[in-house]
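This report describes a protein model part by part. Please look at the sequence and the structure before reading on.

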Amino acid sequence: SDTEYSGADTSAAEPTPDVTDDVALDVRGLTKIYPDGTLAVDDIDFSINDGDFCVLIGPSGCGKSTTLHSLVGKIPVTEGEVRLGGVDITDAPTYERDIGLVFQDFQLFPHLTVGENIEYGLQRLQVDADERAERVTNIVEMMRLESLADRQPEELSAGQKQRVALARSMVLEPKLLLLDEPLGDMDYKLQKHMERELLRLHRELDTTFVYVTHDQTQAMRLADQIVVMNDGKVEQSDSVERVYNEPATAFVSAFVGDSN
Ligand code: ADP
Ligand code: MG
């Protein structure tokens with residue numbers, strides 16, 4: 001259930017674990033207007049409990065990617081507030097946020113091998129060599145990338161690149177991991193395998209997930225919590241059961257019912 005939001009608190013960023021202990025992410029009044037005037041995200045509120053697997057769904061163009069890019073600090077927000085673990089991170093630089101984002105278009109380093117791509121962020125975080133090796137080995141196994149570790153990105157299929165992009169973000173064990181339609185280019189069998197792997201990773205890592213998809217059936221298989229967006233607004237933010245059994249709006253009812 002929702003933690004009460006203290007809108008009056010304008011003090012500097014400070015952890016407030018007593019208030020927001022079980023809330024990992026708290027988004028209030030988030031609004032994004034692009035420089036060309038497009039209102040992409042229109043005053044949305046939602047919060048996600050620590051450790052939950054949250055799925056953000058909605059039709060193409062409704063503002064899902066804009067929301068993720070705002071959370072991670074890839075784009076500046078127009079208005080609103082983002083708190084992670086009680087800390088106001090609205091204006092924090094991306095590298096200070098402890099949030100991972102798996103891009104739709106991979107963005108692997110072309111001159112590094114698969115293994116080096118995965119290890120790169122750990123070197124930057126100054127994780128020591130033994131732990132680096134252990135974490136890379138674990139994630140490479142989980143993602144079934146053993147046979148590809150010495151390859152260059154250009155030698156990989158789209159699905160393989162996506163697995164590397166996932167591994168590269170997850171090996172950092174961020175507090176919050178944002179995944180923007182990460183299984184989109186995979187065939188059905190690999191998608192099913194990756195869904196199971198994601199659920200397993202989510203259990204094993206102490207990480208809250210926000211997973212974007214426009215696939216309602218995938219949302220149902222993965223989510224603890226679902227946030228339904230339409231036209232820049234949040235229509236409903238609730239447990240899977242409530243979204244399906246007690247849709248808050250006609251849009252939610254039609255969208256989640258339209259699963260095939
Ligand atoms: P989704 O990920 O749900 O498909 P997006 O967040 O990508 O939606 O887009 C939301 C709206 O913002 C759309 O109308 C889209 O055309 C617009 N949009 C996205 N990126 C930009 C941008 N850089 N400049 C202007 N408009 C944008
Ligand atoms: Mg998108």
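Helices (H or I, at least four residues) and strands (E, at least two) are DSSP runs, numbered from the N terminus. The model is predicted: local features need pLDDT of at least 70, side-chain atom pairs count only at pLDDT 80 or more, and totals for chains, interfaces and linings use all residues. Residues are numbered from 1 along each chain as its sequence is written, while chains are lettered from A and ligands numbered from 1 in the order in which they are written.

**Ligand 1**

A residue is counted around the ligand if its C-beta atom, placed from the backbone, lies within 6 Å of it. The shell includes Tyr34, Asp36, Gly58 and Lys64. Helix α2 (residues 64-72) gives the most to this shell, with 3 residues. By type, the shell has 3 nonpolar, 7 polar and 2 charged residues. Here Ala, Val, Leu, Ile, Met, Phe, Trp, Tyr, Cys and Pro count as nonpolar, Asp, Glu, Lys and Arg as charged, and the others, Gly among them, as polar.

**Helix α6**

Helix α6 (residues 188-204) has 17 residues and should span 24 Å at 1.5 Å a residue, which agrees with the 24 Å between its end C-alpha atoms. The expected span is 1.5 Å times one less than the number of residues.

A residue is buried if 20 or more other C-beta atoms, placed from the backbone, lie within 10 Å of its own, exposed if 12 or fewer, and partly exposed in between.

| State in α6 | Residues |
|---|---|
| Buried | Met194, Leu198, Leu201, His202 |
| Exposed | Lys189, Arg196, Arg200, Arg203, Glu204 |

The buried residues pack against elements including β3 (53-57), α4 (129-142) and β8 (208-213), where a contact means C-beta atoms, placed from the backbone, within 7 Å.

**The sheet**

Strands of a sheet pair through backbone hydrogen bonds, either parallel or antiparallel. An open sheet of 4 strands has the order β2-β1-β4-β5, with antiparallel pairing. β2 (39-49) and β5 (87-88) stand at the edges, each with a single partner strand, so one side of each has no neighbour in the sheet. Two strands pair if DSSP finds at least two bridges between them; 7 bridges join β1 (residues 23-33) to β2. Isoleucine 33 stands opposite leucine 39 in β2.

Technical notes:
Two residues are in contact if their C-beta atoms, placed from the backbone, lie within 7 Å.
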